Amino acid sequence: MSTSSFKYEKANRSLMERLFEPPAIGKMSPVAKVVAYGLLAFWSLFVIFPIYWVVITAFKDAAAVNQGPFYIPFVDFQPNLNAWRIHLSDPNCDLYAIGRQFVLLAYNSFAFIISPIVDIGAMEPQICRVYHAFTNSLVIGIASTALCVTVGSMAAYALARIQYKPKFGNAAIFVLLTLVMIAATSYAGIPWYVSSAVALALFFLMARAFGKHFKSTLGNGDILFWIISQRILPPIVVIIPIYMMFQAVGLLDTHLALIIVYAVANLPIVVWLMHDFFASLPVELEESAQLDGASRFGIFWDIVLPLTRPGLAATTLLTLILNWNEYLFAVFLSTARAQTMPIMVAAKNAGEKGILWWEMCAIIVVMIIPVIIMAIFLQRFIARGVLLGAVKG
C-alpha cells in the first residue's frame with residue numbers, strides 16, 4: 001500500500017483550499033464560518049438594538065433625549081432615574097407598599113373575578129398605578145392564555161382525530177335561537193341566564209325533533225374554516241356588541257370580562273396551530289394505547305401532549321404575547337379596576353405635554369420583562385422536534 005499523502009490532507013492543501021473548502025464532512029470552511037457568524041451577529045444586533053434603545057431611553061432625561069441620539073451610558077450621557085421617580089413618586093409606590101401589596105394580589109384578583117356574583121371589594125384600593133396595571137396584565141394575560149390553550153388544544157385534538165358530521169339544519173337552528181336569546185335579553189329585559197337556559201333547552205328539543213329530517217352535513221374542514229373566520233373578522237366590528245353584552249350582565253371593568261374576550265379572540269389561532277401538530281403525529285401510537293385500555297382523555301394527556309410539547313410551548317408563548325399586548329378590547333371594556341399595561345402606555349403617550357419618551361420607555365421596560373422571562377423559560381421546549389424520541393427502536 002502506498003504511503004504517500006492524499007491531496008486533501010491539511011499539509012498538501014493550498015491556502016485557497018484551506019480557506020474555502022470544509023476540512024471535514026459536517027464542518028464549515030473558515031470563510032463560510034466567518035460569513036455565517038457575521039450575518040448572524042448582524043441580524044442579532046438588528047433585532048436586539050430596539051430593545052437596547054428602549055432600555056437606555058428609560059434612564060435618560062429630557063435633555064439626553066432631545067439633544068441626542070446618545071447610545072452609550074456613562075460615555076455619551078449620564079443615566080438617571082428621573083423617569084422611574086415620576087412613576088414611583090406616589091406614596092403607594094414605595095418598596096414597602098409594593099411588597100405589602102404582593103400578599104394581597106391573590107385576594108384582589110379573586111375579588112375582581114367574582115365581584116359580579118358576590119359583593120366583595122378589593123383590599124387597599126389605593127395602590128400604585130404601575131403596579132396595578134402590571135398585576136392586572138399579569139392576571140388577565142396568564143388566565144386567558146391558560147384558558148385559551150386548554151380549550152383550544154382539546155378542540156384541535158378532537159378535530160384532528162374525530163370525524164364530525166353535524167347537520168347543517170341543526171347549526172342554523174342554533175344560530176337562530178342565539179339571535180332570539182340576544183334580542184330577548186337586550187330588548188325584552190329578560191335575564192341573560194334565563195334566556196340562555198330556555199334557548200339551550202329549545203335547541204335540544206328541536207334538534208331531536210327535526211334533526212333526522214336534515215340531509216346536508218358539515219365536515220371537520222368546514223368547522224376549521226368557520227373557526228379561523230372568527231379571527232379574520234376585525235375586532236373593531238364586534239367591539240360594540242361585546243360592550244353591550246358585558247354591560248347587560250354587569251361585567252364591565254372586570255378581570256373576568258377581559259379573560260373571556262381574550263381567550264375567545266385567540267382561540268382560533270390555538271386551534272389551527274395545534275391541529276397541525278396533532279395531525280402530524282402517527283395515529284398508531286394512540287391505537288396501541290387504546291388496545292391497552294387507555295381512555296381518550298388518558299391518551300391525550302399522557303401520550304399526545306408530551307409529544308406536542310414544543311408546539312404547545314410555541315402556541316402558549318404566541319397567545320401570551322397577543323393577550324399581553326392587546327389594546328382594543330381593554331380600552332373599551334375597562335375603565336379603572338381592570339386597566340392593563342397597554343392602556344397605561346397609551347395614556348402616557350396621549351399626555352398633555354406630548355410624548356415623553358423617557359417616561360413611556362420606563363413603562364415599556366416593565367411591560368416586556370414577563371414576556372422575555374416566558375420566552376427564556378419555553379426556549380428549551382420550542383427548540384426540540386415534535387417527534388424527538390417518539391419512535392425509536
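User: Leaving aside neighbours within four places in sequence, which residues is Asn 220 in contact with?

Analyst: A contact list of this kind is read by setting aside the residues that sequence alone brings together, and by looking at what remains. In this predicted model, Asn 220 is in contact with Leu 159, Ile 162, Gln 163 and Tyr 164 once its neighbours within four places are left out. Asn 220 itself has its place in helix H9, which covers residues 220-232.

User: Is Asn 220 buried or exposed?

Analyst: Burial is read from the relative accessible area, with buried meaning under 20%. Asn 220 has a relative accessible area of 8%, and therefore counts as buried. Thr 57, which is found in helix H2 (residues 30-57), can be read in the same way: its relative accessible area is 5%, so Thr 57 is buried. Beyond four places in sequence, Thr 57 is in contact with Val 65, Trp 357, Trp 358 and Cys 361. For the protein chain as a whole, 33% of the 393 residues count as buried.

User: What secondary structure does the protein chain have, and what share of its contacts join residues at least 24 apart?

Analyst: The secondary structure comes to 17 helices and zero strands. Among contacts between residues at least 6 apart in sequence, 71% join residues at least 24 apart.

User: At what angle do helices H7 and H8 cross?

Analyst: A helix pair is read from the distance between the axes, the angle, the handedness and the residues that meet. The axes of H7 (residues 168-187) and H8 (residues 192-210) come within 9 Å and cross at roughly 160 degrees. Angles over 145 count as roughly antiparallel, and H7 and H8 are therefore roughly antiparallel to each other. The crossing in which H7 passes H8 is right-handed. From H7, Asn 170, Ile 173, Phe 174, Leu 177, Met 181 and Thr 185 take part, and they meet Trp 192, Ser 195, Ser 196, Ala 199, Leu 202, Phe 203, Met 206 and Ala 207 in H8. By class, this contact has 10 nonpolar, four polar and no charged residues.

User: How does helix H6 pack with helix H14, and what classes of residue make up their contact?

Analyst: H6 (residues 129-161) and H14 (residues 309-325) pack at an angle of about 140 degrees, with their axes 9 Å apart. That angle makes H6 oblique to H14. H6 passes H14 in a right-handed crossing. On the H6 side the contact is made by Phe 134, Ser 137, Leu 138, Gly 141, Ile 142, Ser 144, Thr 145, Cys 148, Val 149 and Ser 153, while H14 supplies Leu 312, Thr 316, Thr 319, Leu 320, Asn 323 and Trp 324. The residues of this contact divide into eight nonpolar, eight polar and no charged.

User: Where does Phe 246 lie, and which residues does Phe 246 touch?

Analyst: Phe 246 lies in helix H10 and is buried, with a relative accessible area of 10%. Not counting residues up to four places away in sequence, Phe 246 touches Leu 251, Leu 252, Ala 257, Ile 260, Val 261 and Leu 333. One of these partners is Ala 257, which is 11 residues from Phe 246 in sequence and 7.1 Å from Phe 246 in space, C-alpha to C-alpha.

User: What is phi of Phe 74, and what is phi of Asp 253?

Analyst: Phi of Phe 74 is near 70 degrees, a positive value in a residue other than glycine. Phe 74 lies in the loop between helix H3 (62-66) and helix H4 (82-87), and, at 64% relative accessibility, counts as exposed. Phi of Asp 253 is near 60 degrees, again a positive value in a residue other than glycine. Asp 253 lies in the loop between helix H10 (235-249) and helix H11 (255-279), and, at 11% relative accessibility, counts as buried.

User: What is the mean pLDDT of the protein chain, and over which residues does pLDDT stay under 50?

Analyst: Confidence is read both for the chain and by stretch. The mean pLDDT of the protein chain is 81, and 82% of its residues reach 70 or more. Over residues 1-6 the pLDDT stays under 50, and the model has two contacts for them beyond four places in sequence. Residues 385-393 also have pLDDT below 50, and this stretch has 11 contacts in the model beyond near neighbours in sequence.

Key:
Residues numbered from 1 in each chain as written. Predicted model: local features only at pLDDT ≥ 70, side-chain atom pairs only at ≥ 80, totals over all residues. Heavy atoms only, no water. Axes fitted to C-alpha atoms, helices over the stretch in contact; angles between N-to-C directions. Helix = DSSP H or I, 4+ residues; strand = E, 2+ residues; numbered from the N terminus. Parallel < 35°, antiparallel > 145°, perpendicular 65-115°, else oblique. Left-handed = near helix turned anticlockwise from the far one by under 90°. Contact = heavy atoms within 4.5 Å. Nonpolar A, V, L, I, M, F, W, Y, C, P; charged D, E, K, R; others polar. pLDDT = per-residue confidence, 0-100. Buried < 20%, exposed > 50% of the residue type's maximum accessible area, 1.4 Å probe, protein only.
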